[in-house]
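Here are my notes on the pockets and the ligand site. Have the model open while you go through them.

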Amino acid sequence: MSINTNLSQLQSQLPDQVTLVAVSKTKPVADLMEAYAAGQRIFGENKIQEMAEKQQQMPKDIQWHMIGNVQRNKVKYMASFVDLIHGVDSLKLLNEINKQAEKNDRTISCLLQLKIAKEDTKFGMTSEDAHSIIDSDHFKSLKNISIVGVMGMASFTDNTMQIKEEFTTLKNTFESLKEINPDLLEISMGMSGDFPLAIECGSTMIRVGSRIFGARNYTK
Ligand SMILES: *Cc1c(COP(=O)(O)O)cnc(C)c1O
């Protein structure tokens with residue numbers, strides 16, 4: 001099936017309040033342009049270098065989301081254009097994003113990545129970490145970042161009950177953080193395999209790749 005068809009099928013399933021991030025990692029610019037031609041304007045990448053290369057080649061009305069783990073020494077390569085960084089998992093990283101945003105005279109929006117999966121392979125902070133960051137004077141002094149929500153990845157499992165539990169944990173953490181910081185708006189959760197469940201559990205932003213662009217080939 002074509003990218004165009006995949007996208008319109010997907011869009012027709014989404015409630016109005018849910019934003020679709022088209023996850024285009026490993027895919028060639030031609031594929032992204034097909035999605036662009038179909039009206040998609042938000043793309044998610046997990047490698048900073050790859051995102052920067054694509055950004056240079058593509059129309060400038062695209063919003064670029066960094067959804068992967070961010071190495072601090074690479075923040076500078078995306079600071080001039082990135083629209084939302086999903087995977088912020090430490091205050092140290094926030095410091096660096098703030099510094100690079102300041103150099104570029106902009107404010108960069110971030111999501112705090114929470115560890116909701118039981119697997120050890122998934123990154124993210126605890127709910128306590130997130131609370132103490134949002135509550136800290138140091139965080140409040142960072143003028144060039146804005147935390148607009150949370151992000152999480154559920155376990156890779158067929159156990160729907162478990163995934164639902166993990167999404168619900170993220171939703172509850174979001175609600176309690178929002179009491180401290182009313183600016184929080186977004187809950188980034190849900191991928192190709194679990195986005196309907198994520199939406200049921202309160203997701204406002206889904207990150208969908210293979211369902212739009214087809215399976216990824218990492219061996220190339
Ligand atoms: C690759 C990736 C996705 C998209 O995965 P699909 O299963 O292809 O939809 C979503 N979120 C993150 C963080 C990813 O790395």
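**Pockets and ligand**

1. The largest pocket comes out at about 620 Å³. A pocket here is an open set of points on a 1 Å grid over the protein atoms alone, where a 1.4 Å probe fits, with protein on both sides within 12 Å along at least five of seven lines; lining residues have an atom within 4 Å of a point. Of its 26 lining residues, K25, K122, M153, M191 and R207 are the closest to the centre.

2. Before going on, a word on the source: this is a predicted model, where local features need pLDDT of at least 70 and side-chain atom pairs count only at pLDDT 80 or more, while totals for chains, interfaces and linings use all residues. Residues are numbered from 1 along each chain as its sequence is written, and side-chain values use heavy atoms, with hydrogens and water left out.

3. What takes up the largest pocket? The ligand does (a molecule sits in a pocket if more than half of its atoms lie within 2 Å of the grid points). By class, the pocket lining has ten nonpolar, eleven polar and five charged residues.

4. Around the ligand you'll find V23, K25, I67, M151, M153, M191, S192, R207, V208, G209, S210 and R216, each with a heavy atom within 4 Å of it. This shell splits into six nonpolar, three polar and three charged residues, with Gly counted as polar.

5. Now the polar contacts, meaning pairs of N or O atoms within 3.5 Å. A polar side-chain atom of S192 is 2.5 Å from a ligand oxygen, and a backbone N or O atom of G209 is 2.8 Å from a ligand oxygen atom. The side chain of R207 has an N or O atom 2.9 Å from a ligand nitrogen. The protein covers 90% of the 390 Å² of accessible area that the ligand has on its own (Shrake-Rupley method, 1.4 Å probe).

6. The second largest pocket has a volume of about 190 Å³. Its lining includes I134, F139, K143 and D183. β6 (145-152) and α6 (137-141) each give two or more residues to that lining, and β6 gives the most, with three.

Terms used: Polar contact = N/O pair within 3.5 Å; in protein donor to acceptor, adjacent residues only side chain to side chain. Points joined across faces, edges and corners; volume = space filled by probe spheres on them. Helix = DSSP H or I, 4+ residues; strand = E, 2+ residues; numbered from the N terminus.
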